[in-house]
Amino acid sequence: MVAIMTETTRTDSPPTSRPVRQLLAASVGNAVEWYDWYAYTFLATYIAAEVFPKSADNSLVPLLSTFAVFAVGFFMRPVGGLLMGAIADRRGRRSALTVTILLMGGSSLLVGLTPTYETAGVLAPVILVLARLLQGLSVGGEFAASTTFLVESAGPGRRGLFSSFQYVSTTAGQLVASGIATLLVDTLSDGQMNGWGWRVPFVLGAVLSLVGFWIRQGAQETRSAEQRQAPRPGLLEALRRHPRQSLLICGITAGGTIAYYTWTSYLPTYAELNAGIEKSDALLTGTISLAFFGLLQPIGGLLSDRFGRRPLLLFFGLGFTLLTVPLLHALHDSFATLLLVQCAGMVLLTGFTSISAAVNAEVFPPRVRAAGIGFPYSLTVAMFGGTAPYVGTLFKELGHADLFPWYVAVLCLGSSLVYLRLPETAHKPLER
């Protein structure tokens, strides 16, 4: 296995005397980014009805088209991870974070203004695809830059805790998106939701992006003075000089991303399609379990700082390998059962999400840290996380819905084998 990090004579101290302010700047901006991204997921059925042509033969066709566009956005994430990661490594972490949030605000507004298929024909899905491509570019860059920024802002023995706020803020954005979607569904009629209600969260997201942009202006750059004075890295330097580390990021991420997007994004739709859960109940259980999930993240981060990264990763990987199939098969037409299944998965998932930023940052040297994380991570997420809703819905259409839980379990088993050989880095200094 690769050596995860190089010993360095620099102390593992934060680059700023105000690390909490850094944490807040990264977290608030990241929450706004992910609010914009996830609003699409929670309103997918309404977007499908308005933006894509209806099929007389199969009611799942528009929904499949919507999730295909969801996946297309993910395949721009590796490009965003590479380009924005390179900006972060060459121009600074804060510069990249500024660009990503402005991109996200513009693309969110574009989704909100997308015309219906009835009024614009094929131009409607074309505009939606363009908006999702821009969102994918932004989110791919956001993870690369904010992961690096958060971990480099942490003090000694706190990288796991600071890392956990990557998903605290991600969950906060997702929670707000889910909450607003639930509120709209509960208060508006179907006609109002299909007519204009589904657009409201995206327009609001554009406004919130400007708020996030303003907050990030007060953040302090975490790239060290030595790195700022050194020659700028090439666009593909991380891949060229660190191929084994890049593959390691893919192995670490594969199981985590399929489990994360299944449990936090696709499960409400999965429950609707396979267990007969009402749409409003599915959204409500998703909102409650997300709040629970967000509260768990700092606990996971603190545990990893105390006991190490590998035990938590194995708790996640082996837990999902053994329990995904029974948990998803336990779903039936019951609000309480769905909530229990979701919360059980959230506990297991915390073993990955609370420390993934720290684990990724500890793999690469600072010169290419953002780009080194961004491309392989986002590529793996695109391959397995972004396609999860589409694959799950496709299994359902083909009459093999029971295969999807096994698909998730197998990927988690593969990542667990990587975790078994992963060197422990929690108590080593971070190279700066």
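The model is predicted, so local features need pLDDT of at least 70 and side-chain atom pairs count only at pLDDT 80 or more, whereas totals for chains, interfaces and linings use all residues. Residues are numbered from 1 along each chain as its sequence is written, and side-chain values use heavy atoms, with hydrogens and water left out.

**Overall make-up**
- The protein has 20 helices and zero strands, where helices (H or I, at least four residues) and strands (E, at least two) are DSSP runs numbered from the N terminus.
- Of the 432 residues, 60% are buried; buried means under 20% relative accessible area, exposed over 50%, and partly exposed in between, with a 1.4 Å probe and protein chains only.
- Among contacts (heavy atoms within 4.5 Å) with a separation of 6 or more, 88% join residues 24 or more positions apart.

**Aromatic pairs**
- There are 13 aromatic pairs, counted where ring centres of Phe, Tyr and Trp (its six-membered ring) lie within 6.5 Å, with planes under 30 degrees apart called stacked, over 60 edge-to-face and the rest tilted.
- Tyr-167 and Tyr-260 make an edge-to-face pair, because their ring centres are 5.1 Å apart and their planes stand at 70°.
- This pair links distant parts of the chain, with Tyr-167 in helix α8 (residues 159–187) and Tyr-260 in helix α13 (residues 243–275), 93 residues apart.
- Phe-404 and Tyr-407 form a tilted pair, at 6.1 Å centre to centre and 40° between the planes; both lie in helix α20 (residues 403–420), three residues apart, about one turn of the helix.
- Within that pair, Phe-404 is buried at 0% relative accessible area, whereas Tyr-407 is partly exposed at 23%.
- One aromatic cluster is formed by Trp-263, Phe-316, Phe-320, Phe-352 and Tyr-419.

**Charge over a ring**
- The charged end of Arg-132 sits over the ring of Tyr-40, 4.2 Å from its centre; the rule asks for NZ of Lys or CZ of Arg within 6 Å of the ring centre and within 35 degrees of the ring normal.

**Surface**
- The protein exposes about 15,800 Å², of which carbon and sulfur atoms supply 67%; accessible areas come from the Shrake-Rupley method with a 1.4 Å probe, and for residues only the protein chains shown count as cover.
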